[in-house]
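This briefing is meant to be read alongside the sequence and the three-dimensional view. Please keep both at hand while working through the points.

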Amino acid sequence: MKYAPKILTPYVSARHYFGSEQRRHREVAKLSLVQLADIVNSSKSNLARVETAELMPPPELPAALDAAFGTGEHFHGLYQLAKKEIHPDEFRRYMDFESRADVIEDFATNVVPGLLQTKAYAQAFFSCAPGVTPELVEERVQARLSRQDRLWSAEPPRYSAILDEAILHRPVGGHQVMHGQLSTLLALVDTPHTMIQVLPFAHGGYALMEGPLKLLTLADGRQVAYEEGRMSGDLLEVRADVAQRRATYDSLRAYALPPRDSASLIRNLMERYEQCVPAST
């Protein structure tokens, strides 16, 4: 039986359009999925699932496709739209602000902030959800990692984070994954554009124990806040509401360990995790 390609629906979403454009350019170039996979260093199955919008394009794919087809930044642009679509509307609006912010400030209660997560940590975190498929985990991981691009860009925002000490003690993904995650945090504790502080157990209770908080300062000086819940979040743009969250954040920053002491704590915990990693790994 002759193989019949799946009919595409390009106008359902940006992700569907990305897939249809990949197929269109591939067919114009008279390339099979196997041939294109060799060119862009991917797999046939992944490219097939991207074309049918079953898989979020991996962050390295758009540039590879633009190079393969000579399309400038066509796929890059489509990807910027597509990567926002797997998030709820409220968070999607926050992501738009985050992508334009000059200053990003995180307060995290239970999990390493998404902008700081390693791939292994993110995979372990998303795998905790009951009934989640490997495909959905990978899609969420790719979307999360794509948000980190700005931190490594030529003109990164100023980024600071306050982490509840509990985050460092919880071995998400196991000791080896946590060792790698803490190593990443340690490298970012005090750089020209990043700062990480730890709120120690000794501080006791605090105002934001129920959930994380993000604060953004935009180029025009406007500030927004985002409070995260388990299933949803609230984007706050009213000046008085944001100012209240700002005051809470600033007070907790005053109670947090300075960067040097935060680095020492992270380093000590890394050594503990390292001792628990089997020698064979």
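The model is predicted, so local features need pLDDT of at least 70 and side-chain atom pairs count only at pLDDT 80 or more, while totals for chains, interfaces and linings use all residues. Residues are numbered from 1 along each chain as its sequence is written, and side-chain values use heavy atoms, with hydrogens and water left out. Helices (H or I, at least four residues) and strands (E, at least two) are DSSP runs, numbered from the N terminus.

**The sheet**

- Six strands make up an open sheet with mixed pairing, in the order β3-β2-β1-β4-β5-β6; two strands pair if DSSP finds at least two bridges between them.
- The edges are held by β3 and β6 (233-236), each with a single partner strand, so one side of each has no neighbour in the sheet.
- From one strand to the next, the twist averages 10°; axes here are lines fitted to C-alpha atoms, for helices over the stretch in contact, and angles run from 0 to 180 degrees between N-to-C directions.
- Strands β2 and β3 run parallel and are joined by six bridges, and Leu-163 stands opposite Val-198 in β3.
- Strands β4 (residues 213-217) and β5 (residues 223-228) run antiparallel and are joined by five bridges; the bridge partner of Thr-217 in β5 is Gln-223.
- Five of the six residues of β3 are buried, so this strand is largely enclosed by the rest of the structure. Buried means under 20% relative accessible area, exposed over 50%, and partly exposed in between (1.4 Å probe, protein chains only).

**Leu-199 in strand β3**

- Leu-199 belongs to strand β3 and is buried, with a relative accessible area of 2%.
- Its neighbours within four places in sequence aside, Leu-199 is in contact (heavy atoms within 4.5 Å) with several residues, including Phe-107, Ile-162, Tyr-206 and Leu-252.
- Leu-199 and Thr-109 are 90 residues apart along the chain, and their C-alpha atoms are separated by 9.5 Å.

- Helix α10 (residues 175-188) has 14 residues and reaches 20 Å from its first C-alpha to its last, close to the 20 Å expected at 1.5 Å a residue. The expected span is 1.5 Å times one less than the number of residues.
- The buried residues in α10 are Val-177, Met-178, Gln-181, Leu-182, Leu-185 and Leu-188.
- Seen down the axis of α10, these buried residues fall within an arc of 130°, so they line one face of the helix; the arc is that of the directions from the helix axis to the C-beta atoms.
- The buried residues of α10 pack against α7 (119-126), β2 (158-164), α9 (165-169), β3 (194-199) and α12 (259-276).
- Gly-174 lies in the loop between α9 and α10 and is partly exposed, at 25% relative accessibility.
- Although 50 residues separate Gly-174 and Ala-124 in sequence, they are 8.6 Å apart in space, C-alpha to C-alpha.

**Helices α1 and α3**

- Helix α1 (residues 14-28) packs against helix α3 (residues 44-51) at an angle of about 120°, with their axes 7 Å apart.
- The two helices, α1 and α3, are therefore oblique to each other: angles under 35 degrees count as roughly parallel, over 145 as roughly antiparallel, 65 to 115 as roughly perpendicular and the rest as oblique.
- In this contact, α1 contributes Phe-18, Gly-19, Ser-20, Gln-22, Arg-23 and Arg-26, and α3 contributes Leu-47, Val-50 and Glu-51.
- Leu-47, Val-50 and Glu-51 of α3 are buried. Seen down the axis of α3, its buried residues fall within an arc of 100°, so they line one face of the helix.
- The buried residues of α3 pack against α1, α2 (33-40) and α4 (61-69).

**Residues with a positive phi**

- Most residues other than glycine have a negative phi.
- Lys-30, which is not a glycine, has a positive phi of about 55°. Lys-30 is found in the loop between α1 and α2 and is exposed, with a relative accessible area of 73%.
- Asn-41 has a positive phi near 60°. Asn-41 lies in the loop between α2 and α3 and counts as exposed, at 74% relative accessibility.
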